[in-house]
Amino acid sequence: MVLLTTAYVAHVISAALWTGATLYVVYALWPDAMSGRLSAKSFVSQVHKLLLITRWTGVVLPVTGAYLIWVLYTPLELLVESQRGILVLAMLTLWGVMNGLIEIGILRMRTTVDAVGFGTYMAEGFPSDLVDKSTAVEELAARGRPYLLLSAACAVVLLVVAALLAGGTPF
Ligand code: HEM
């Protein structure tokens, strides 16, 4: 019981941090970068932090989520035979899609300034010392924009799914 509560707490804090950070970055940071009001260095430094949040919560969410499935949805048929189970499968799928969008979006941004391989990118992320005053922040932001907009849409749908799990489905 204590373990179940701890898993819920870690899961919900990670979910709030990740979806909140993504929505904030897209709402507050991207427009300033697109119009050149932010320097490339401070923009990339914030984007790298979003990547770190994505990767840390990318460990905590599936680990705690798998534990919750093990406790609440075994036998596993419950995942496909109940409305709540379908919502959990939607949550898992959206998590994978949103992760991919953020990782690929930021990789595309990094490759505008540095022809990096996937392995190095996974190890380093996007360090802000790769950009300087001569880097066009507008171009960086434009390359990542479609991916980050889609990831923000995933974050909103994820929050709706979580709310349906918390409040019960009306149908
Ligand atoms: C690997 C991905 C994930 C898995 C396997 C997973 C699995 C689960 C499970 C099994 C539950 C318990 C459902 C229930 O109470 O019946 C849950 C709850 C929850 N999840 Fe996830 N989840 C994942 C990712 C996410 C993400 C990305 C978010 C971001 C919004 C999120 C937010 C929540 C919230 C807020 C709850 C609590 C809902 C409630 O009050 O019942 N989860 N998750």
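A residue counts as buried under 20% relative accessible area, as exposed over 50%, and as partly exposed in between (1.4 Å probe, protein chains only). The structure is a predicted model, in which local features need pLDDT of at least 70, side-chain atom pairs count only at pLDDT 80 or more, and totals for chains, interfaces and linings use all residues. Residues are numbered from 1 along each chain as its sequence is written, and side-chain values use heavy atoms, with hydrogens and water left out.

**Exercise 1. State how many helices and strands the protein has, and what share of its residues is buried.**

Solution. Step one is the secondary structure, where helices (H or I, at least four residues) and strands (E, at least two) are DSSP runs, numbered from the N terminus. The protein has six helices and zero strands. Step two is burial: 37% of the 171 residues count as buried. Step three is extent: along the principal axes, the C-alpha atoms fill a box of roughly 55 × 30 × 25 Å.

**Exercise 2. Classify R110 as buried or exposed, and trace the salt bridges that join it to other residues.**

Solution. First, R110 has a relative accessible area of 2%, and is therefore buried. Next come its partners, a salt bridge being a side-chain nitrogen of Lys or Arg within 4 Å of a carboxyl oxygen of Asp or Glu. R110 pairs with D114, with 2.6 Å between the closest N and O atoms. R110 also forms a salt bridge with E124, where the closest N and O atoms are 2.9 Å apart. This second pair links distant parts of the chain, since E124 lies in helix α5 and R110 in helix α4, 14 residues apart. E124 is partly exposed, because its relative accessibility is 38%. Finally, shared partners join R110, D114 and E124 into one network of salt bridges.

**Exercise 3. Describe the salt bridge between R37 and D32, and classify both residues by accessibility.**

Solution. The side chains of R37 and D32 meet at 2.6 Å, N to O. R37 has 60% relative accessibility and so counts as exposed. D32, at 27%, counts as partly exposed. In the whole structure, a search finds four salt bridges.

**Exercise 4. Identify the residues that coordinate the iron atom of the ligand, and explain why the arrangement is octahedral.**

Solution. Donors are N, O and S atoms within 2.8 Å of the metal (3.2 Å for Na, K and Ca); water is not among the atoms, so sites may look incomplete. H11 (NE2) and M91 (SD) coordinate the iron atom at 2.1 to 2.3 Å. The two residues come from distant parts of the chain, H11 from helix α1 (residues 2-34) and M91 from helix α4 (residues 83-111), 80 residues apart. Six donors count as octahedral if opposite donors are over 155 degrees apart and all others between 65 and 115. The six donor atoms around the iron atom subtend angles of 88 to 179°, and the arrangement is therefore octahedral. H11 itself counts as buried because its relative accessibility is 15%.

**Exercise 5. Locate T135, and list the residues that it touches beyond four places in sequence.**

Solution. T135 lies in the loop between α5 (118-124) and α6 (137-167). Its relative accessibility is 17%, so T135 counts as buried. Contact means heavy atoms within 4.5 Å. Not counting residues up to four places away in sequence, T135 touches A40, V113 and L140.

Notes:
Tetrahedral: all angles 85-135°; square planar, octahedral: opposite > 155°, others 65-115°.
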